[in-house]
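Here are my notes on the model, point by point. Please read them next to the coordinates.

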Amino acid sequence: MLSRRSFLWASGGVTAMTALPAAAKRALATTPELVASAHPVQLLPSGYPETSIWGYGAQTSGPEIRVKQGARISRRFVNQLPQASSVHWHGLRAENAMDGVSGLTQEAVSPGNSFDYDLAAEDAGTFWYHSHNRSAEQVARGLYGALIVDEPTPPDVDRDVTLMLDDWRVDPKTGQITQDFGASHDLSHGGRLGNFISTNGEATYRLPVRRHERLRLRIVNAANARLFTLGLQGLDGWLMAYDGMPVTSPEPVPETFTLGPGQRVDLFVDVIAEDGVEALLGRIDQSKGYVQAIFPVSGSSSANRRLVPAPLPLNRAPDMTDLAEAATLRLEMSGGAMGSMREAIWNGYSRKAGELMENGQFWAFNGLVGMTETPLARLSLGQVARMTVVNDTVFPHAMHLHGMHFRVLAQDGTPGPLRDTLLTLRGESYEIVFAADNPGRWAFHCHMLSHAASGMMTWIEVT
Ligand code: C2O
Ligand code: CU
């Protein structure tokens, strides 16, 4: 004896929604969801078993989020994972409250709950989003996607191609991701390297092209720890942007270039391979080479190559030329296997290296392990900071600053391009400058996510 009305109520959804105020209904109707869940995908080549990954949406990596510059990115993050999670929008200079860093800018969203992200896409370029809670595990399980902000006027290219590079650690027999996320050897050495390399979640990424077509390749290193050293074959062109920020004058793509975890480049490349040949992106010239993308060439789009491209329109660049008044900061990395760290401060107390190791902590910044009560630096809004970054370890580290891009100073003091992630190799040191023009609490950490989990994580406060 159910009336129509109570039947709808009992079946959930429809009548429940009509009970909400009009504004809430509109929000429900218009905020797209970003649902994180565990689900099986065919990650390994066909013939191998499926892999249960954690991802946003049903694909392996993605979905790609794409907006026009100046628009807002609004997503209701719905957590259907068995763990708490949060979403970070890597490289976007957006509001601190939306930065998605659990424990610093928000509480992690517990299973079954949701969080509404709403942030401005100020900069046009190639960015990505990923989990920022237990990220050494969650990103390794697949919680990431591309985030593309389009220029108001599309640049003159024939195709716009996003290539997300990753490596997964899978057991080829079962197809499953190995659950060794906190393995001491990975934490203390080069991080969690995978045994299966993918592009956009595929073992063999292929895109048919025509000779003389111009491609925009947006290459993202989404791996936990792997450095991708890449080169082109049958493609030739220009490096247009680093870490989402266009360069003032396009640079010819070097023979090889390296992307540390978290880093991106935008290339404009022309297909110069002959009809019937495969053009390649990959680590081509070495014995342990691998191909990241294959571009089979058939036919041609025009008789000749195009002219040199105009630079992409620049994003806002804060003035950081006056270094006389700049705050002077120093970040010294120490620890890891074969390092000289004997003791360090962790949770407020000095501990011997042995005790730290037992707790899975292997690295320190300025003698401090992991997140601290007080930030590495407190900067006042608008202040320029100059930081010496020293890698006093025998491993590479990719230092990522949230909320603001920095420039690396060359030996002679010339500022380089804007970047959000600095790759440092063993023993190297760099000078970086940035303008503290974005208020809030900003994470600053190694993007080798196992390193971040074992000590290489700090923050900077801008007030
Ligand atoms: Cu791409 Cu703190 O992260
Ligand atoms: Cu590191």
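1. Terms first. Two strands count as paired if DSSP finds at least two bridges between them. Strands (E, at least two residues) and helices (H or I, at least four) are DSSP runs, numbered from the N terminus.

2. Basis. This is a predicted model, where local features need pLDDT of at least 70, side-chain atom pairs count only at pLDDT 80 or more, and totals for chains, interfaces and linings use all residues. Residues are numbered from 1 along each chain as its sequence is written, while chains are lettered from A and ligands numbered from 1 in the order in which they are written.

3. The four-stranded sheet. This sheet is open, with mixed pairing and the order β3-β8-β7-β5. Its edges are β3 (65-68) and β5 (87-90), and each pairs on one side only. From one strand to the next the twist averages 20 degrees. For such angles, axes are lines fitted to C-alpha atoms (for helices, over the stretch in contact), and values run from 0 to 180 degrees between N-to-C directions.

4. Four bridges hold the antiparallel pairing of β5 with strand β7 (residues 125-131). Which residue in β7 stands opposite Trp89? Tyr129 does.

5. The six-stranded sheet. Here the order is β10-β9-β12-β17-β14-β15, again in an open sheet with mixed pairing. The edge strands, β10 (196-199) and β15 (245-252), each pair on one side only. Neighbouring strands are turned by 25 degrees against each other on average, direction ignored.

6. Strand β14 (residues 235-242) runs antiparallel to β15, and four bridges join them. Leu239 has Glu251 in β15 as its bridge partner. As background, strands of a sheet pair through backbone hydrogen bonds, either parallel or antiparallel.

7. Domain 2 against domain 3. The contact takes 21 residues from domain 2 and 22 residues from domain 3. Two residues are in contact if their C-beta atoms, placed from the backbone, lie within 7 Å.

8. What domain 2 brings to the contact. On its side touching domain 3, α5 (184-188) and β15 each supply at least two residues. The largest share, four residues, comes from α5. How do the residues of this side divide by type? Seven are nonpolar, 11 polar and three charged. Ala, Val, Leu, Ile, Met, Phe, Trp, Tyr, Cys and Pro count as nonpolar, Asp, Glu, Lys and Arg as charged, and the others, Gly among them, as polar.
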